[in-house]
Amino acid sequence: MSLNVKRFVLVVLSATFLASLLFVQRMEVVRREQESARHQGAHIAVPASSEQCVSCHGENTPGVVEQWRTSTHAEAGVGCYDCHKAGPRDADGFNHYGSQIATVVTPRDCAECHPAEAGEFDASHHAKAGAILHSLDNFLAETVEGNRTPFNPHSPTPGRPDMGEVNGMASAMTGCMQCHGSKLALLDVDGASITVTELAPDEKGEPTNREVVARIQRDANGKPVFDHGTWPNTGIGRVNLDGSKGSCSACHSRHDFSPRRARQPENCGKCHLGPDHPQKEIYEESKHGIAYRDLRDRMNLDSPTWVLGEDYTAAPTCATCHMSGNVNNGGRITHDPGERISWTNRPPVSLVMDTDAEHRVITSIDPAERAAQVVDTANDKRQRMQNVCSVCHTKNYIGGFYSQYDDFVQNFNEKFAKPGQAIVASLREQKLITPTQFDEEVEWTWFYLWHHEGRRARHGASMMAPDYAHWHGMYEVAERFYMELVPQVREILEHAENNGQATAAGATRAVLEEILARPEHAWQESGPR
Amino acid sequence: MSLGAWFKERVPIDPGQLREMTNEPVPNHIKAWWWCLGGTPAYLFVVQIVTGILLAFYYEASPVTAYESVRYITDEAAFGWFLRGLHKWGATLMIAAVVLHQMRVYFTGAYRRPRELNWMIGMVLLVCTLMIGFTGYSLVYEQLSFWGATVGANIADSVPVVGGFSKELLLGGETYNDRTLSRFFMLHAAVLPGIMILLLIVHVTLIRLHGVTEFEFEKKKGAATDAEKPRFFNFFPDHAMTELIVGLVLMILLATLATALPATMGPKADPLITPEVIKPEWFFYVAFRWLKLMSATAAVLSMGFVFFLMFVWPFFDGWIRKRWPASEFSVWAGIFGVLAIVGLTVWEAAVAH
Amino acid sequence: MATQEPVPESESAGELDRRRFLAGGTTVAMAGGLAVAYGTCGAMGGRFLYPARPAARRWQFLARVDALADGQAMTWKAPTGDPIVIARRGTSGEAEDFVALSSTCPHLGCQVHWEGHRNRFFCPCHNGVFDPAGVATAGPPAQAGQALMRFPLRRVGPLLFIEVTLESLGSEA
C-alpha cells in the first residue's frame, strides 16, 4: 500500500469515525431529553427541620414517608415538622427526640398556610358535622345500638380473656363518628376524658385550664394517651382539642394530601353514601356519573388548577359542582359546599337556604324577619351552582331542571313531610307515645320515612337519578306513609281511646283526619280523582 | 538565538540520533496486517487508560456508593454511557488482541533465542492484563461483580501453601468486606497499570534492540530473487500510518460496540443472595470450566503447571529443537493448546452450569 | 532511507509537481481528518467531566410572612446545608420587605453572623463587614467588590417562598 493510499484510507476512516461519533452525540441528546422529561417533578429535598423525622420514620414507617415524598408539600419544602410542630403550651404536645410535636394535625395547623381554605371550611356544614352529633342526642348509636356506659358481657369470649366489659359506644365510635368526627379526648391520670370542653382553649388554641393539662396521662416517652374511642379519627367534623373543628385529612388524605383524590367522587363517597343519603349511588346512576366513568381519562385529574371549562369539560364530579372553580366564577374554589346549595334536604321538611351571618339556615316564617336576618340568600346560592351548570347547559335547560326539582321538593314537603311531622309531633305532644325515642314502632317508621326514604327521594331529584327519586324514593315514602305510618298511628289512637286517653287521642285524630281529607290524600277513600 | 538552538541547548538530543533510534527498520513482511497485533493491544491499553481516568473522576470505590456511582456515570453524566461502553469493550478487545498477538509470536517462533526474556515479560503482561480485567469487573459491584470476586478469591485460596495468604491479601480480610473494593480499585487503576507500563517499556525496548524477527526463508528468498528490493521499510511514516489505520479501525469498532451493545447494569450486589448462575468474564471461562472437571487443588496445580510451562516455553522449545532439529513440535503443541483453550471456553459459554 | 517509493527518473517536472501536490493534499486531509475525529472524541471526554446537570433549583416554603417583624432576622437551613439569614426591613407585607442572604462569606467561605447592634454582617475570619443588604463594606470581601449571595424570595398568599438549590451531599433524590 503506497503512502498516498494509506493517507487516503486514513481520511476515509477518520470520516467514518467522525460519523460514528456524531451518532453517539445524537444518542446522547436523546438520552438527555428523556432524562429531563423524567426529572420534571422528581426532585425533592427534605427540609432541614424534618431531616431527623425522615431518617428515622423512613425506616420505621416507610409508607408514610414515601407518600409524603410524592406530595406537593414535599416539592415545596414543607416537611413533617412544619405540620406536626406543637407550641409549648399545647395540650397534646410532647417532646419527641428533641422536637416538640403533636400527633393530631388540625385545621388550625393547616390554616397557618391555607387560611382561606380553612376559613371557608370552618364556616361550612362539614365542620359542624361532629358538633351536631355530639350535641344531638345520638340516641340510636349510643343507646339503641349500644350503651352509653360500659356493661357486663352476656358470657366470656372463648380465646380472648382480655375482653371483659363491653364498650357500648363502639357503634358510634366506628360508625357515626368516623364520618362525622369524634370529640377528641385525652385520658387523665384517673382514666377520665379530657376534651376541648375541659381544656377551654383560647383564641390561639392553647388550653386555659392548666390544672387539667397537668393531669393528662402520659406514657413512658411523655406522649399523651388518647381515649382510644376518639382517636384514630378523621371525621370531617372532628372536635379538636385546640378548639378548631374538623379534619382536612378527611378529604385530602394524608400524607400526600392529594387534590387529585379530592376531585374524584369516590373520595366524597366515603361518607356520602348509604340508605339515608346515597349521593354516591345517585351520582353513579345519573348521566353525570355515566359520563365520568367513561371519560375518566380526559378528566385531567392531575392538573394543578382544575377549572371546569378550562382544564376539563368531560364530566362533572362531586367536587366540580359543589366546590371547584369554573370559567363562570373566575376559577374560584370554595371549601364550603353549602355556598351553592339552595335547598337543605337534611331536615324532615326541606328548608330554603337563606343563611344569616353565622351561616345558619333561617327558619323564621315571617318575611320581614327573614329579610332582616338574611346575609346570603338561597337564590345567590342557586346562582353559584348555576354558574357550574352553564358551562355545559343552556339557560332554559337549567331553568327547566330547577323547576322540576323545586316541584319535587315541594310535593314531598307538602304531601308527606309536613303532614308526617305534624302527626308525630301531635302524638308526642299528646303523650300518646313515650318521650323515649325509638322505643315504639311508629318512631322507626317516621324515621325511615324522612331520614332514609324521604332524603333519598330529594337527593335523587336534586342530582338527576330517576330511580332514586321514584322507586327508591317517593314510592317508598308513599308506601311507608300509607301502609305503615297511618295504620300505626290509627292503632295507637285506637289503643289510647280504649285506655282512657280519649281526649289526647281525639286531638291527634283530628290532625290525622284533616290531613287525610285533603285532596291529595283523598284517593284512598274514593279511588282516582 | 533561534528557538531551535535555544531548545537544543537545554535538551541536548541530536535529532539525527533520535531519528535513527526511533525510525526502526521494519522488515517487509510486517506490511502484512497480521503483524499489527502487537500495536493493537498497546493502542487499546492507551484507550483504557484514557477512558479509565475519565471514569475515575466519578467512580467511588466504597461498597455503599460504588453501584450508585456507576449508575450515575451510565445514566446521568454526559456521554457517561459511551465512555463506559468504550472502556468495557476496550477491555474485551484488548484481551482478545493480546491473545492473538501471543499466538502470532508463538507460531512465528519469535520467542526463540535470543528473545526468550521478552517472551517471559510478555507472559507477565498477559497475567497482568487478565488480572486487570478481573479487578475491573469487580468494581461495578453488581451481583456478578461481588460473587465473581468471592469465587475468584476462594480459588486463590485453594493454591497450596500461599493460597490463604494470597486470598487475604486480595480481599483485605478473610471474606469480602468494606475494604475489599478499594483494594481492587487500587490494583486496577494504579498498581497493575503501573507495572504494565514499566513492563511495556522494557518489552518494546527489547524489540527495538533486537529488531523484529526476520524470517529464515525470507532471508533466503530475498537474496535469490530481487537483491535491490529493500527488505526493510521505515517505521516513520510508513508503519506509523499503518498503526494509525489500525487505531482508527479500532475506534470505529469500539464506538459501534459501545453504541449497539452498551454497558448495562445488573442488580446490585447482595451478599445475602447468591445468584443462580455465577460466571466470570469470558476470558476466564477456560479456567472456570477446567475447575469444574476436577478438585480445586488439582485444577489449581495443573493450571499452575501449564502456566509455568508456557512461561519457560522458549527454553523448553530450545531443548526440543536441539535434540530433534527438524521438529515441528511447537507448532503441534500450539495447535493443540489453542484448540483446548477454545474448546473449554466455548463449552463454558454454552452451558449454564 | 527512502521516504517515498522509488521515483522513475523519467518523470517530468509537471508530474513531480502533481505528485508532490497530491502527497501534500492527502497529508493535509489526513491530518485534518485525524484531528477532527480524535478531537471530537476528546471533546466528548471533556464534556463528560463537566458537571452533568445543573443542580435543580426550586421554590421552597420558608415561613409565614408574619413570622418576622420589621427589623427581625432569622436563620434557615437550606437543603444543601447552607445557613441562610432572612431579615425583614419593611412593613408592606410583600416579598420586597425581606432579604435572604447566604451566611457564607464570599472571601474564603467562613460563616458570617448578624450584629444587630451594629446593623451589619460580620465575618470573624478576616474581619469582613457587610451592610444589611449583604454588600461588603470593609475587609477583604470589600476590596474584591463582593457581596453575600442573595436568594430570590416571593410571596404566595400569606407564605414566603425562597428559591434554593435542592441537592445536598446526603440527600437521595
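Predicted model: local features only at pLDDT ≥ 70, side-chain atom pairs only at ≥ 80, totals over all residues.
**Cavities**

The count comes to two cavities of 30 Å³ or more. The largest has a volume of about 80 Å³, and of the 13 residues that line it, those closest to its centre are B:Phe134, B:Tyr137, B:Gly148, B:Pro280 and B:Glu281. Two elements of chain B, α6 (116–138) and α7 (143–157), each give two or more residues to this lining, which divides into seven nonpolar, four polar and two charged residues.

The second largest cavity, with a volume of about 30 Å³, is lined by residues of chain C, including C:Leu62, C:Arg64, C:Phe98 and C:Leu160. Strand β1 (residues 57–64) of chain C supplies the largest share of that lining, three residues, and the lining as a whole holds nine nonpolar residues, no polar residue and one charged residue.

**Salt bridges**

Over all chains, 45 salt bridges are found, and three of them are set out below.

| Salt bridge | N to O distance |
|---|---|
| A:Asp376 and A:Arg384 | 2.7 Å |
| B:Arg71 and B:Asp75 | 3.3 Å |
| B:Asp317 and B:Arg321 | 3.3 Å |

In chain A, A:Asp376 is buried at a relative accessible area of 15%, whereas A:Arg384 is partly exposed at 26%. B:Arg71 and B:Asp75 are separated by about one helical turn because they stand four residues apart in helix α4 (residues 66–75) of chain B; B:Arg71 is partly exposed at 22%, as is B:Asp75 at 32%. B:Asp317 and B:Arg321 likewise lie four residues apart, in helix α14 (residues 313–323) of chain B, where B:Asp317 is buried at 1% relative accessibility and B:Arg321 is partly exposed at 30%. Elsewhere, salt bridges that share partners join B:Glu68, B:Arg71, B:Asp75 and B:Glu76 into one network.

How values were computed. Residues numbered from 1 in each chain as written. Chains lettered and ligands numbered in written order. Heavy atoms only, no water. 1 Å grid on protein atoms, 1.4 Å probe; cavity = no way out; pocket = protein on both sides within 12 Å on 5 of 7 lines; lining within 4 Å. Points joined across faces, edges and corners; volume = space filled by probe spheres on them. Nonpolar A, V, L, I, M, F, W, Y, C, P; charged D, E, K, R; others polar. Salt bridge = Lys/Arg side-chain N within 4 Å of Asp/Glu carboxyl O. Buried < 20%, exposed > 50% of the residue type's maximum accessible area, 1.4 Å probe, protein only.
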